[in-house]
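Please read it with the coordinates open.

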Amino acid sequence: MTDTTAHRTASASHPVLRVPPASPAAAAAYFGASLAFHADVSDVAAALATGDDPGFVLIDSRSTESWDQGHIPGALHLPTALISEQAGRLLDKDVPVVTYCWGPGCNGATRAALALAQRGHQVKEMLGGIEYWIREGFEVETRRGREQRAADPLTAPVGADDCGC
């Protein structure tokens, strides 16, 4: 048995490689497209932290009760259910939009992004939502004022400004 044959045989029985990886060209197309549709919490935070125009509008698509519980400072509150009636007067179609909702277990930001894209907006979804914003130690605004928790070491490096990725 040649090394190549042994490798194919081992790969076919291995659960990770049972379905072989995509070609490099297909992988580049897929991952490039993914970055066109998604924004990272840390990247959004860095863009907002400059104090300059970040070049996008950040939309919190959750309910008023959720917004009051805590939202990202500088975000615009536009619940998904109100996009059809309010987006036209609140948003400029020439300015990209980044949506967020609760977190990875919620597809509210995806539904909001879809509704906005169907209305002609360029849109990205912020991966991780408010959950990962808070877990990474970024400030939130609540009914009581601004609050900040320590970063969760499982989501952000301790003592570093960024994860280096």
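This is a predicted model: local features need pLDDT of at least 70, side-chain atom pairs count only at pLDDT 80 or more; totals for chains, interfaces and linings use all residues.

1. Every value below is computed from it.

2. Sheet order. The sheet is open and has 5 strands. Their order is β1-β5-β4-β2-β3, and the pairing is parallel. Which strands sit at the edges? They are β1 (38–39) and β3 (76–77), each of which pairs on one side only.

3. Strand β2 covers residues 57–60 and pairs with β3. The two are parallel, with 2 bridges. For a position to check, take Ile59, which stands opposite Leu76 of β3.

4. Strand β5 spans residues 123–126. It runs parallel to β1, joined by 2 bridges. Here His38 faces Glu125 of β5 across the pairing.

5. Between β4 and β5. Strand β4 is made of residues 97–100 and runs parallel to β5. The pair has 3 bridges. Glu125 turns up again: it is the bridge partner in β5 of Thr99.

6. The crossover. What hand does the β-α-β unit of β4, α6 and β5 have? The unit is right-handed. Its helix, α6, takes in residues 108–118, and Ala117 belongs to it. Ala117 counts as partly exposed because its relative accessibility is 39%. Lys93 is 24 residues from Ala117 in sequence. In space their C-alpha atoms are 9.8 Å apart.

7. Helix α2. This helix runs over residues 24–37, 14 residues in total. From first to last C-alpha it reaches 20 Å. That is close to the expected 20 Å at 1.5 Å a residue.

8. Aromatic pair one. The count of aromatic pairs is 2. In one, the ring centres of Tyr30 and Phe31 are 5.0 Å apart. Their planes meet at 80 degrees; the cut-off for edge-to-face is over 60, so this pair is edge-to-face. Tyr30 and Phe31 are both exposed.

9. Aromatic pair two. Trp133 and Phe138 form a tilted pair. The distance is 4.9 Å centre to centre, with 45 degrees between the planes. Are the two residues buried or exposed? Trp133 is buried, because its relative accessible area is 5%. Phe138 counts as partly exposed, at 25% relative accessibility.

10. Charges over rings. Arg62 lies over the face of Trp102. The distance to the ring centre is 4.6 Å. Likewise, the charged end of Arg135 sits over the ring of Tyr132. Here the distance to the centre is 4.9 Å.

11. Ala151. This residue lies in the segment after β7, which covers 145–147. Its relative accessible area is 35%, so Ala151 is partly exposed. What does Ala151 touch, leaving aside neighbours within four places in sequence? Its contacts are Arg135, Glu136, Gly137 and Ala156. Arg135 is also the residue whose charged end sits over Tyr132. Phe138, from the tilted pair with Trp133, is 13 residues from Ala151 along the chain. The C-alpha separation of Ala151 and Phe138 is 7.7 Å.

Notes
Residues are numbered from 1 along each chain as its sequence is written. Side-chain values use heavy atoms; hydrogens and water are left out. Two strands pair if DSSP finds at least two bridges between them. Helices (H or I, at least four residues) and strands (E, at least two) are DSSP runs, numbered from the N terminus. Buried means under 20% relative accessible area, exposed over 50%, partly exposed in between (1.4 Å probe, protein chains only). Contact means heavy atoms within 4.5 Å. A crossover is right-handed if, with the strands pointing away from the viewer, the path from the first strand over the helix to the second runs clockwise. The expected span of a helix is 1.5 Å times one less than its number of residues. Rings of Phe, Tyr and Trp (its six-membered ring) pair if their centres lie within 6.5 Å; planes under 30 degrees apart count as stacked, over 60 as edge-to-face and the rest as tilted. A charge sits over a ring if NZ of Lys or CZ of Arg is within 6 Å of the ring centre and within 35 degrees of the ring normal.
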